[in-house]
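Biologist: I have a model open and want to learn how to read it. Can we go through it feature by feature?

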Amino acid sequence: MQKVVVIVGAGPSGLATAACLSAHSIPHVILEKEDIYASLWKKRAYDRLKLHLAKEFCSLPFKPLSPDSPTYIPKDMFVNYLDEYVSTFNIQPQYHRSVESAWYDEVDGKWRIDAKNMQSGDVEVYVAEFLVIASGENSAKYIPELPGLGTFKGEIIHSNEYKSGAKYENMDVLVVGCGNSGMEISYDLSNFGAHTSIVIRNPFHVVSKEMVRLGMIFYKYIPLFVVDFLIVLMSKMVYGDLSKYGIRRPKKGPFFLKETTGRAPVIDVGTVHKIKSKEIKVVPAISSIYGKKVLFEDGGEREFDAIVFATGYRSIANNWLKDFKYVLNENGMPKTDFPHHWKGEKNLYCCGLSRRGLFGVSMDAKAIADDIKRVISEKMEK
Ligand SMILES: Cc1cc2nc3c(=O)[nH]c(=O)nc-3n(C[C@H](O)[C@H](O)[C@H](O)COP(=O)(O)OP(=O)(O)OC[C@H]3O[C@@H](n4cnc5c(N)ncnc54)[C@H](O)[C@@H]3O)c2cc1C
């Protein structure tokens, strides 16, 4: 099938890119392996999730989130917004199409994309002038290989399968990972009466949503190091010294770390209070697991009924994209730094891989559609 633009993935990135291409009247197709768009938000997000960033940083192009909606939008409300987005811009992804391989054909200067039709099992071949990777930073869950993990007698889940703590009441649950998901899932488990412990190994910043919002506003007007100074000051005033609870603050500031490494600060939803009051226990790194017993690096050990791995995700675009070198590195992430990360060679683009959440998605989608428009116009002029 001959196409002008093929977009891989119908998450917010794919949808935003489609809307921006439509605004330029550029024909395109979205290939999505699942049976719905925004599968992460509809199938793989926990119930109590609210957007971490204020609504002014989370809307997609051409459709601001309603001024009547809360500042921090609950997941279901964001899903409704995406439903409206899809119907407003008449976006029609091709579902059950898992892109298994894509490569650049130097002979005719086009991309060849093989998509497996998950219903029929057939492989469909698409040929496109432009290819947009919108398959997400979170396309594959990551669980670390821990000695003895296979012997664990309780339940093991990844955070993308976690919905709520309802079924864990009175159970001993260990959460591995202290990013935003791990900290929020611990809070949720504890609220539902689970005896919750969380593994905390690495230093991280704890901030509130309001601090992040302020920081993002400040950053428009003042240098990053000043923003970091102010945010860390506020964090110290609100949360105090958390090192006695096992939470150490990194030497570098929260916005600097986000900008340079993609590591986000933890936005506290109430977990810190529960850690201080010992409702949630902090434990060190796991050294090994045997049966229901988990052994920790400080020599301690405890039995658990379940382990929730909130250990993150990986982009695996470089598994299916054979010629990933034109835009991605070996880790499936852009090889060029922000703000030039979205554009590769040979009409290859990536949307939503800048670790800037929905804010970054919108910026990328607009830039990509504008660039494709420019390339097409220049070609027509010749
Ligand atoms: C728990 C959680 C909470 C988050 N909260 C926020 C937040 O509050 N604010 C924020 O800005 N960001 C948040 N994020 C980040 C969020 O992932 C992004 O903002 C947003 O979903 C990125 O959209 P995307 O389209 O790039 O990726 P995704 O939403 O991951 O969509 C990618 C799509 O591509 C499809 N796909 C993947 N591989 C293939 C393939 N080979 N063939 C066909 N289709 C494929 C997938 O099925 C998926 O539908 C959160 C992420 C998680 C995991």
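Biologist: What covers the buried residues of H4?

Modeller: Keep in mind that this is a predicted model. The cover of H4 includes strands E8, E9 (195–199), E11 (266–267), E12 (280–283) and E16 (306–309), along with helix H8 (271–276).

Biologist: How many residues of H4 are buried?

Modeller: A residue is buried if 20 or more other C-beta atoms lie within 10 Å of its own. In H4, 11 of the 12 residues pass, so the helix is largely enclosed by the rest of the structure. Among them are Met183, Ile185, Tyr187 and Leu189.

Biologist: What should the 12 residues of H4 span?

Modeller: Count 1.5 Å times one less than the number of residues. For residues 180–191 that should give 16 Å; the end C-alpha atoms are 17 Å apart, which agrees. Just after H4, look at the backbone: glycine 193 has a positive phi of about 85°.

Biologist: Is glutamate 161 buried, exposed or partly exposed, and why?

Modeller: Glutamate 161 has 13 C-beta neighbours inside 10 Å, so it counts as partly exposed. Glutamate 161 sits in the loop between strand E7 (155–158) and strand E8 (172–176). Its C-alpha is 26 Å from that of glutamate 84, 77 residues away along the chain.

Biologist: Which domains does the assignment give?

Modeller: Domain 1 comprises 2–139 + 315–381, and domain 2 comprises 142–309. Their C-alpha centres lie 30 Å apart. In the contact are 10 residues from domain 1 and 13 residues from domain 2. The domain 1 side has 5 nonpolar, 1 polar and 4 charged residues.

Biologist: Which residues touch the most other members of the largest nonpolar core?

Modeller: Val6, Leu15, Ile113, Leu131, Val132 and Cys351 do, in a core of 96 residues. At least three residues of this core come from each of domain 1 and domain 2. Take cysteine 351: beyond four places in sequence, its contacts include Val132, Ala134, Trp342, Val361 and Ile368.

Biologist: Which residues come nearest the ligand?

Modeller: Gly9, Gly11, Gly136, Gly352 and Gly357, out of 32 residues around the ligand. Helix H1 (12–23), helix H2 (39–43), strand E3 (97–105) and helix H10 (357–381) each give two or more residues to the shell.

Biologist: How do the residues of that shell divide?

Modeller: Into 15 nonpolar, 14 polar and 3 charged.

Methods. Residues numbered from 1 in each chain as written. Predicted model: local features only at pLDDT ≥ 70, side-chain atom pairs only at ≥ 80, totals over all residues. Domains from an automatic or database assignment. Contact = placed C-beta atoms within 7 Å. Nonpolar A, V, L, I, M, F, W, Y, C, P; charged D, E, K, R; others polar. Near = placed C-beta within 6 Å. Helix = DSSP H or I, 4+ residues; strand = E, 2+ residues; numbered from the N terminus. Core = buried A, V, L, I, M, F, W, Y, C linked by C-beta atoms within 7 Å.
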